[in-house]
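Here's a quick briefing on the structure below. Have the viewer open and click along as you read.

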Amino acid sequence: MRVLIADDDAVTTRILSKIITSAGYAVTVVSSGAEALEALQAEDPPDIALLDWVMPEMDGPDVCKAVKARERPAPTYLILLTAKGGSTDVIAGLEAGADDYLVKPVNPGELRARLNAGARIVQLQQSLAAHVQQLQDALASVKTLTGLVPICGYCKSIRDDSDYWHRVEEYISDHTGAQFSHGICPSCMDALEKRGVWHS
Amino acid sequence: MPGLLARVGGDTAAMHGVIALFLEDTPPLVATLREKLDAKDTAAVLHLAHALKGSASNFDATTVTALAKDLEARARAGDLAAAQSVFLELDAEVSRLLTSLERFRRQAPCVS
């Protein structure tokens, strides 16, 4: 799983990289909000991002807002880093679209635990997104029969959009992919027997 | 440096790497801070004080962190005269921190 660190302080990024790499994640470091946004909006974005609150060009909450504005089936899990820690900041950060936050200087155990919690959510979303894709693919290959179907009240033939009449089996097969196996139901059999057409 | 060592998962080499970075980055940061204060560039002072606060917090340097926070608050309030006097204190504290980190680095050479 890949983690992006966005912080303009080299000391902090060095420490964070060390903790995160040791926890088994692959790390990329950028030093501004604009670079973070570019990485997060790339074709193959990181799974988790740690964004410092105060950064040049664009701050952490602004990056969160821009990332969340673009919906993805499995979005990057965003963790804001704040040196402030006041509850108003936390509320503002989470409302900007962050999934979690950490107060600097970061406690290594807490960072690992929160990364692992984020990774569980990312995995869940990725597997859900994969399932949704599979369902969409399956749905695309299934033909459906909907709307108003004009049918003859006597022979049950169905009229298509080009005014041609089709036998009901043929029409349903063409529009749904269903196939028919023909038989005779008991009441028809009785009627046929009465008419002398059928002898069971 | 127990706090920092714990922060890098007990890795002595990583701890020394972080100390070296701080020793390298901080003097130019403080010099720029002085320039920006003289130039009354409030936004830059705010940003640099914030950066110093974050960076120093990794070393459990509570006095430097508190002074940087104070400087940040004065800059945010636009009170650059008060910011100047906080800066003088901060500058002295940063020098003390850098000296003690240099001493630590010499006494506990990097063994990985």
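Predicted model: local features only at pLDDT ≥ 70, side-chain atom pairs only at ≥ 80, totals over all residues.

**Quick tour of the two chains**

D60(B), for its part, is partly exposed at 43% relative accessible area.

- Chain B brings 19 residues to the contact and chain A brings 15 residues.
- The interface has one salt bridge, and D11(B) and K18(A) form a salt bridge with their closest N and O atoms 2.5 Å apart.
- On the chain B side, α1 (2-7), α2 (12-38) and α3 (42-57) each supply at least two of the residues that touch chain A.
- Sorted by type, the chain B residues that touch chain A are eight nonpolar, seven polar and four charged.
- Between the chains there are four residue pairs in polar contact, counting pairs with both residues at pLDDT 80 or more.

- D7(A) is in the loop between β1 (2-6) and α1 (10-22) of chain A, and D7(A) is buried, with 2% relative accessible area.
- The D7(A) side chain makes a polar contact with the side chain of K104(A) at 3.1 Å.
- Setting aside neighbours within four places in sequence, D7(A) has contacts that include T12(A), V30(A), D52(A), M55(A) and L81(A).
- K104(A) is joined to P105(A) by a cis peptide bond, with omega about -5°.
- P105(A) belongs to the loop between β5 (100-103) and α5 (108-141) of chain A.
- S32(A) is in the loop between β2 (26-30) and α2 (33-40) of chain A, and S32(A) counts as buried because its relative accessibility is 4%, below the 20% cut-off.
- Beyond its neighbours within four places in sequence, S32(A) is in contact with M55(A), P56(A) and E57(A).

**Salt bridges within the chains**

- Over all chains, the count comes to 17 salt bridges.
- D99(A) and K68(A) form a salt bridge, N to O at 3.4 Å.
- This pair also links distant parts of the chain: D99(A) is in the loop between α4 (87-95) and β5, K68(A) is in helix α3 (residues 60-69), and 31 residues separate them.
- Both partners are partly exposed, D99(A) at 33% relative accessible area and K68(A) at 31%.
- In chain B, R105(B) and E102(B) form a salt bridge with the closest N and O atoms 3.6 Å apart.
- R105(B) and E102(B) share helix α5 (residues 80-107) of chain B, three residues apart, which is about one turn of the helix.
- R105(B) is partly exposed at 32% relative accessible area, and E102(B) is partly exposed at 30%.
- D7(A), D52(A) and K104(A) are joined into one network by salt bridges that share partners.

**Cysteines**

- There are zero disulfides over all chains.
- C152(A) is in no disulfide, and the nearest cysteine sulfur belongs to C155(A), 3.6 Å away; C152(A) is partly exposed at 21% relative accessible area.
- C185(A) is in no disulfide either, with the nearest cysteine sulfur, that of C188(A), 3.4 Å away; C185(A) is partly exposed at 36% relative accessibility.

- K156(A) isn't a glycine, yet its phi is positive, near 65°; K156(A) sits in the loop between α5 and β6 (158-159) of chain A.
- K40(B), also not a glycine, has a positive phi of about 55°; K40(B) is in the loop between α2 and α3 of chain B and is exposed at 60% relative accessible area.
- R195(A) lies in the segment after α7 (186-194) of chain A, and R195(A) is exposed at 65% relative accessible area.
- The C-alpha atoms of R195(A) and I121(A) are 69 Å apart, with the two residues 74 residues apart along the chain.

Key: Residues numbered from 1 in each chain as written. Chains lettered and ligands numbered in written order. Heavy atoms only, no water. Helix = DSSP H or I, 4+ residues; strand = E, 2+ residues; numbered from the N terminus. Buried < 20%, exposed > 50% of the residue type's maximum accessible area, 1.4 Å probe, protein only. Contact = heavy atoms within 4.5 Å. Salt bridge = Lys/Arg side-chain N within 4 Å of Asp/Glu carboxyl O. Polar contact = N/O pair within 3.5 Å; in protein donor to acceptor, adjacent residues only side chain to side chain. Nonpolar A, V, L, I, M, F, W, Y, C, P; charged D, E, K, R; others polar. Disulfide = S-S within 2.5 Å.
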